[in-house]
Amino acid sequence: QKVSGGHFYPSHFRIQPVATMGGDDASGEARTIADFDVSPPPRYLSKESGESEAARAAETSKSERDEAVAEALSTARDLFSSIAAAVSGEFRIPALEYKLLGKMNKVASEKYNHMADFTSGLAVFVESLREKEASLGPLASQIEGLEAQLDELEALVLQLDEYSKRLENRVKKYVFS
């Protein structure tokens, strides 16, 4: 296959395969190696070479150039779609990581909200305990007063018990004497 001129290659270059692989492939056709011979531009060639190059360029028909351009466009489309797929693949992993990070942030936020609700509930509970403690303050002072009175009463009971023992001893002394 010979490609010269056209939209993608300057008219002074001629690109053609230089070798085929030895032996046939499974389809029975010879395969082309990816090495190409690129002829130098005409300004570096002698007059004879330049004339032969001009004759070859004239032989190339417009349809061959159109086919070459169409093939180049098809290859370029394939290349760009492959690059797009590769770039899309490269951005897919970070996108998934950011999506996972977003979900983790949402779960953490929900847990923090739950903890905040629980903490505010504890604050309300502590405040109610403080109010109850404040309302129990006068009762505690009354209890302390009752304890003091009980101590005094206990001391009186002990004195009364001693007095009753002495009295009993006197009565026993007069009754049994």
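How much accessible surface does the protein chain have, and what share of it belongs to carbon and sulfur atoms? In this predicted model, the accessible surface of the chain comes to about 15200 Å², and 60% of that area belongs to carbon and sulfur atoms; accessible areas come from the Shrake-Rupley method with a 1.4 Å probe, and for residues only the protein chains shown count as cover. Because the model is predicted, local features need pLDDT of at least 70 and side-chain atom pairs count only at pLDDT 80 or more, while totals for chains, interfaces and linings use all residues. Residues are numbered from 1 along each chain as its sequence is written, and side-chain values use heavy atoms, with hydrogens and water left out.

The secondary structure consists of 2 helices and 3 strands, where helices (H or I, at least four residues) and strands (E, at least two) are DSSP runs numbered from the N terminus. Read from the N terminus, these elements follow the order β-β-β-α-α. Of the 177 residues in the chain, 6% are buried, a class defined by a relative accessible area under 20%, with exposed meaning over 50% and partly exposed in between (1.4 Å probe, protein chains only). Among contacts with a separation of 6 or more, 37% are made by residues 24 or more positions apart, a contact being heavy atoms within 4.5 Å.

Two surface patches were examined, such patches being made of residues with over 30% relative accessible area and no salt bridge, in which like charges are joined within 9 Å and nonpolar side chains (Val, Leu, Ile, Met, Phe, Trp, Tyr) within 5 Å. Leu-160, Tyr-163, Leu-167, Val-171, Tyr-174, Val-175 and Phe-176 make a nonpolar patch of about 830 Å². Tyr-174 belongs to helix α2, which spans residues 62–175, and is classed as exposed because its relative accessibility is 67%. A patch of negative charge is formed on the surface by Glu-144, Glu-147, Asp-151, Glu-152 and Glu-154; Asp and Glu count as negative and Lys and Arg as positive, whereas His and the chain ends are not counted, and each charge is placed at NZ of Lys, CZ of Arg, CG of Asp or CD of Glu. Glu-154 also lies in helix α2 and, with a relative accessible area of 51%, is exposed.

Side chains of opposite charge can pair when their charged atoms come close. The count comes to 2 salt bridges, defined by a side-chain nitrogen of Lys or Arg within 4 Å of a carboxyl oxygen of Asp or Glu. Lys-165 and Asp-161 form a salt bridge at 3.8 Å, N to O, and are separated by about one helical turn because they stand 4 residues apart in helix α2; Lys-165 is partly exposed at 48% relative accessibility, as is Asp-161 at 36%. Glu-168 and Lys-172 form a salt bridge with their closest N and O atoms 3.5 Å apart, and both lie in helix α2, 4 residues apart.
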